[in-house]
Amino acid sequence: MEPIIKVEDLTHIYPTGQVVAVKDISLEINPGEIVGVIGQNGSGKTTLVKHFIGLLKPTSGKVIVNGKDTAPLRVQQIAANVGYVYQNPNHQLFARTVREELAFGPRNLDLPEDEVNARVEQAVEFFHLEELLELHPYRISFPLRKLVGMASIYTMRPAVFILDEPTTGQDNITTQTVYRLIKKLRDEGSTVLCVAHDMILLAEVVDRMLVLRDGDLIMDATPREVFSNYEIMSSTHLTPPQITTLSLRLREKYDAFDNVALSIDEMVSEVQKFSNK
Amino acid sequence: MSESKPIIEFKDVTFWYGQNETEPALKNINLTIHEGDYVALLGLNGAGKTTLQLCINGVVPNNILGNFEGQVIVDGKDTLETPVREMAKIVGMVFDNPEFQLSQMSVGEEIALGMESLGYSYEEMVETIDEVLDIVGLQGLTERSPFGLSGGQQQRLSIASALAMRPKILVMDEPTSNVDPIGKEEIFQVAYELNRKRNMTVIMAEHEVEVMAQYANLVVVMHEGEIVLQGTPEEVFSNVDLLKSLGLRMPQVAAFGNELEKLGIMTLNGHYPVKLSQAVETYGRLFEKKAG
């Protein structure tokens, strides 16, 4: 399979500073992968993913998206294939109503009007935006505005979705909507990159994690491997989900089971396996 | 529950934001918080958590007008009869987005801002600035620009600014929602120490139930303007079905206990561990039996 994103020896230095935001990173992401990008603020996460939509260009090295080198391309030329949902929806939304916001992307792709409308309706239904359609995006609460930001990218059906901290400030209901969105995108064959500190999202929804620290890619592995790696976790100040920590503690104390649990369901089946031994 | 005296009392409080609002933002709130309590305020967005918090320093209904019924007594003062400026000496507020709270050129000036408006002397201010920066772990940053700080540092600066007014109560509205994991750890740690070491009353609205179960002694659950549950974390998180029907999460280790009980693997009689240490002990029994 041809990777949808290919990063070769990418280094990025912001013109204003001497800080090397991303240091000599190489990686490949295959179509359909759900990838979590984690690290502290300033670790280079956002700098890395902004290269995938051409918002940033490599200081050195190469970023190839969908077979094309991003260096000579403008954001507009990449946007049909790559959707970027900002952490702060205020950086993204501009239309007068939620409806116009959702229709803007697909209309800009020159899709026929009935297709535009169909996509708007699907997004409204999925994100439960029925009551908000005629409102100004700035008149609705911040968490719902974030969902509108996601919905307005979803109507464009890009091959690659980049979500920057999609669950911060969300409550459990809207967080579950975000999880369902990512699973739906997976089912529809999209590639998803999720910059996140939400450990439950990382444990239960993503397939692979990229861990950054001070601009270096220090680990590229499954959530189970990352969460089991005590050194990586403590050096990045990340805490696994409570259930994962419980399974790590019990495993250590009682030599109880082989697998570290990433979810409550997994923990239940580990206990069942153990008691059937 | 704690033996100390009540410091916040809500008596039959109902509040509508506007005359034309049909649904009140707060409905028949009765709540007693004691000095030294660490209160976790849980609920979906829009449940009324922020409105309830704004009643504690009197911003509702004195600055944010609306239709207010009932009474809120804070440290012996009726908020309806006390200017917000007076309440600010008792109640410190920290909001979710530190950038909205910061306005000054330096960290020191940021902290001095509240004190200036209350007429503190220069010497008092300098002394207080050093003291509160020390408490939140920002010592030595007095001359820095607030906008050059990390999110966690900014939020700790907001806490320091609140502390400069010598409040007895610290009200925090989702203080960690805009900061990274190190910042979260720092903020939770500072709040915990203020509560434990200085007996400060902390009221925190927060979605991270695992962390709240760890720190809070009183959990208050709100839904559509009402308090639907209150008690210790252990009491509140035994109401599995109610919490689920409200769309709320419980600590993972408690939800796990509920699953084990449903499957008949373990009898817990609805009393689930909510903290990690409790969980290791309780669920460890499953493995000890097997070993013995």
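**Close-up views of a predicted two-chain model**

View 1. Helix α5 spans residues 107-117, and its buried residues are Val107(B), Glu110(B), Ile111(B) and Ala112(B); a residue is buried if 20 or more other C-beta atoms, placed from the backbone, lie within 10 Å of its own, exposed if 12 or fewer, and partly exposed in between. Just after α5(B), Gly119(B) adopts a positive phi of about 75 degrees.

This is a predicted model, in which local features need pLDDT of at least 70 and side-chain atom pairs count only at pLDDT 80 or more, while totals for chains, interfaces and linings use all residues. Residues are numbered from 1 along each chain as its sequence is written, and chains are lettered from A and ligands numbered from 1 in the order in which they are written.

**View 2. Val59(B) and its contacts.** Val59(B) belongs to helix α2 (residues 59-62) of chain B, and it counts as partly exposed because it has 18 C-beta neighbours inside 10 Å. Leaving aside residues up to four places away in sequence, Val59(B) touches Leu54(B), Ile64(B) and Val84(B), contact being defined as C-beta atoms, placed from the backbone, within 7 Å.

**View 3. Contact of chains A and B.** The contact takes 28 residues from chain A and 35 residues from chain B. On the side of chain A that touches chain B, the largest share, eight residues, comes from α10(A).

Conventions:
Helix = DSSP H or I, 4+ residues; strand = E, 2+ residues; numbered from the N terminus. Contact = placed C-beta atoms within 7 Å.
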